Amino acid sequence: MLDATCQAYADGRLSIDEVARRFVMGLADALVFLEEQGCRVAPAALRLTPEARAHLLSRIRAERIARGGEPRLERQLVLREVVASQRLEGIDARWVLRRRS
């Protein structure tokens with residue numbers, strides 16, 4: 001199951017959220033787990049098609065208009081940024097995230 005999941009993740013067919021649900025773990029734990037197993041998303045899987053890009057930009061614009069341009073702080077977005085920063089800096093601060101959950 002891990003090999004198939006790793007390949008699907010690397011190909012961009014599974015999101016990190018789907019992997020986390022599949023293995024019943026948090027987002028940060030799923031990212032660390034996949035990296036420890038050598039699973040990484042292939043750069044080609046990160047590229048958006050022009051249609052997908054247009055769709056995402058349309059959704060972003062609609063969301064911004066709906067909130068009147070005011071900033072919106074959501075816990076999930078903050079956690080995503082923390083996890084991304086951890087990965088860039090090569091640190092493991094999952095214990096802090098768990099404490100604040």
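Q: Which helix carries the highest confidence and which the lowest?
A: Confidence is given per residue, on a scale from 0 to 100. Helix α5, residues 50-66, is highest at 91, while helix α7, residues 94-100, is lowest at a mean of 62. Over the whole chain the average pLDDT is 81, and 85% of the residues score at least 70.

Q: Why does a low value matter when reading a model?
A: Where pLDDT is low, the predicted coordinates should not be taken in detail.

Q: Which residues of the largest nonpolar core touch the most other members?
A: A core of this kind is a set of buried nonpolar residues joined through their side chains. Here the largest one has 13 residues, and those touching the most other members are Tyr9, Ile16, Val19, Leu31, Leu34 and Cys39. Helices α1 (2-11), α2 (16-22) and α3 (27-36) each supply at least two residues of this core. Helix α3 gives the most, with four.

Q: Which residues of α3 are buried?
A: They are Ala28, Asp29, Ala30, Leu31 and Leu34. After α3 comes Gly38, with a positive phi near 80 degrees.

Q: What does Cys39 touch, apart from residues up to four places away in sequence?
A: Cys39 touches Cys6, Tyr9 and Leu34.

Q: Is Thr5 buried or exposed?
A: Thr5 is buried, because its relative accessibility is 0% and the cut-off for buried is under 20%. Thr5 belongs to helix α1. With neighbours within four places in sequence set aside, Thr5 is in contact with Leu14, Val19, Arg22 and Phe23.

Q: What share of the contacts with a separation of 6 or more joins residues 24 or more positions apart?
A: Contacts can be sorted by how far apart the two residues lie in the sequence. In this chain, residues 24 or more positions apart account for 42% of the contacts with a separation of 6 or more.

Terms used. Residues are numbered from 1 along each chain as its sequence is written. Side-chain values use heavy atoms; hydrogens and water are left out. Contact means heavy atoms within 4.5 Å. A nonpolar core is a set of buried Ala, Val, Leu, Ile, Met, Phe, Trp, Tyr and Cys residues joined through side-chain atoms within 4.5 Å. Buried means under 20% relative accessible area, exposed over 50%, partly exposed in between (1.4 Å probe, protein chains only). pLDDT is the predictor's confidence in each residue, from 0 to 100.
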